[in-house]
Amino acid sequence: MSVLAAINLEALAIFAVVLGITLGITYWASQRVTGTEGFWAAGRSITGFQNGLAISGDYLSAASFLGIAGLIFIFGFDGFLYSVGFLVAFLTVMFLLAERMRNSGKYTIADVLSFRLRERPARSAAALGTLSVVAFYLIAQMVGAGVLIQALVGIKFWLAVLLTGTFMLCYVIFGGMLATTWVQIIKACLLMVGILVMSLFVLERVGFNPIELFNEAERQTTSESTFSLGPGTFLKTPLDTLSLGMALVLGTAGLPHILMRFFTVPDGKAARSSVVWAMFIIGGFYILTTFIGFGARAILGQDGVEAAGTGGNLAAPNLAEELGGGAGTFGGDLFLAVIAAVAFATILAVVAGLVLSASGAVAHDIWSNVIRKGRDSEHEEILVARIAAVSIGAIAMAIAIAGGEGLNVSFMVGLAFAVAASANFPALVLALSWKRFNTTGAVTGVLTGVVSSIGLVIISPIVWTGPPGEADTGLFTWYDLNNPGLISIPLGFLGCFLGTVLSKERGAERSFQELYVRSETGLGAEGSTVTHAEGNGVAQPEDSTVATR
Amino acid sequence: MERDGGGTDGLSRRRGVDWDAAEASPEFQELVGARRRFVLPATIFFLTWYFAFILLAGYAEDFMGDSVYQGLTVGYCLALTQFLMVFVLGLMYLRRAENTYDPLARKVAENAGAALEAEPQSAVPESRAQRRGAASAGGRPEVQS
């Protein structure tokens, strides 16, 4: 199969076009971004619809596109369970956080968490939560990128990781949030068009009758296949399914790179409408992935399983090749190359968002506000941000290359969601809604969430695999959850609660009432530079909110 | 920075926003109550329906694998209802926010002595301005308005 053959020239050419466009955007953005508000929040100039696209671009990783299509191809219905959790999560984001984040924060989730708490400990805790989530998520994406590009284009794994990391850093360092946003918007459009065209090709084969597609997929089920139109083939223990479901539906509301997107719009109203746009885009996308997954089963059959690689990640590209006319034909090569380029753009947009949010935690939170106590200049904060981005990017690339293809991508993404749901989500929600919540509660909550979710994974069956041929047992036989969410999320809340009731707050400078009124009404929210964006772009060292920070 | 036209006056008033009074005002309580009357039941509903779906997938494999019509299973149909739920609740919240919550929020802001429209350019809560007052002299440019 040409998927695994040497260098794929069509793919290289299309990759080059996509990369050229993104670099052009980065140059355009670099001319416009100078202040911190430009660098972290794109000058708050992004509209609700644009941000909806960008959230989709930030959120739909290669794990969503190739991963879920592959899981549906191999296991059927269970792959679709992930999609449902990923989508329903946006209700949590909309009801509990979107507008409130925009109204009360500035650039990072730590701004919101520390608003009415003692700034330095609360900010440090939030930065720790952000960095833990990004660490797992970013390494997972880098490994995924390496594996896919290696398979699709034919270059070596380490070179693929290096290329991904380099472009990611270009966007973030030179173009900040503005370039990252537009890379995410373009990626979302490419991804939606790509999957729509592929779905139409698939549905055309069955006379545009999706039910016939399921029937055909079912007919391709042989005795050795794990495929089923019902559940239970991939997620075998109900408690594990529940645990994963919890991590997905609450974790999205704790993902720093998603929440950071709400600071790029002019006001709370735009933040709210951007979530609804994202729901429709992401929901439409996940419905289409089922056509790709079931279509791959119906068209490629059981014979295609081996060629689809680990987790079925290559099912979608292989299907594209088949739909275009088969291996070796011009149509087949071209369609494969297009889908490969879409997958590459997908990864780039996600990792850029991740690195930007991590560098926000280092530069804006830890350096500017904790170490320098707000006495640094904007110029200094952005310089530190760029250094932080390079360092974080380099570390992630090094770990991805050293850990190699052996790192389990979907497991690490699941872990990132679990850390986000256990550490960031409880602290953020309680800071915004529980009057008595205090600094000690925030710090113990985040620490409990991070330590429990990572600790539980370390003793889980995924790490402590059983002897070959036998079931994985985990370090202790009484604990067999692969995803820690079911236990670590309640522990995160418990940590927040106990820390609060067992301590006395002193020295908080702003009241809960101020945060409460501000988050609910937008009164006193960080301003927008949209009105004077033309001419001098978002580059102005704009308003007094920055001047007096 | 056209929005700062009458800004000095507005700014000083806003600096003095009495957050406790704003929080206690009937308009604010009405806003919070109205939002809660929708968000709380909606959240309970979506979490219940979502976890019911997850538990069915975990504990009632056979039922979920049953055919509704040929290859279309109960599980797939229930999954589609989750999508429908997300879209409907999203649009309902959007409509309520625009018709009910936003006007109330504007009223709270007006009563607090600052029109929401004028906020973006100069919103500086007092404590923040004081706390970081020293910082602006140290490097951040002071705004000219």
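1. Buried here means 20 or more other C-beta atoms, placed from the backbone, within 10 Å of the residue's own. H4(A) covers residues 62–75 and reaches 18 Å from first C-alpha to last, close to the 20 Å expected at 1.5 Å a residue; that expected span is 1.5 Å times one less than the number of residues. Just after H4(A), A:Gly76 has a positive phi of about 80 degrees.

2. A word on conventions: this is a predicted model, where local features need pLDDT of at least 70 and side-chain atom pairs count only at 80 or more, while totals for chains, interfaces and linings use all residues. Residues are numbered from 1 along each chain as its sequence is written, with chains lettered from A and ligands numbered from 1 in the order written.

3. Helix H3 of chain A (residues 48–59) is mostly covered, with 10 of its 12 residues buried. Among them are A:Leu53, A:Ile55 and A:Tyr59. Their cover includes helices H8 (157–205), H11 (256–259), H12 (268–300) and H14 (330–371) of chain A.

4. On confidence, the complex gets an ipTM of 0.89 and a pTM of 0.88. Chain B averages a pLDDT (the predictor's confidence in each residue, from 0 to 100) of 75, and 66% of its residues score at least 70. Do look at residues 1–14 and 115–145 of chain B, where pLDDT stays under 50.

Terms used
Two residues are in contact if their C-beta atoms, placed from the backbone, lie within 7 Å. Helices (H or I, at least four residues) and strands (E, at least two) are DSSP runs, numbered from the N terminus.
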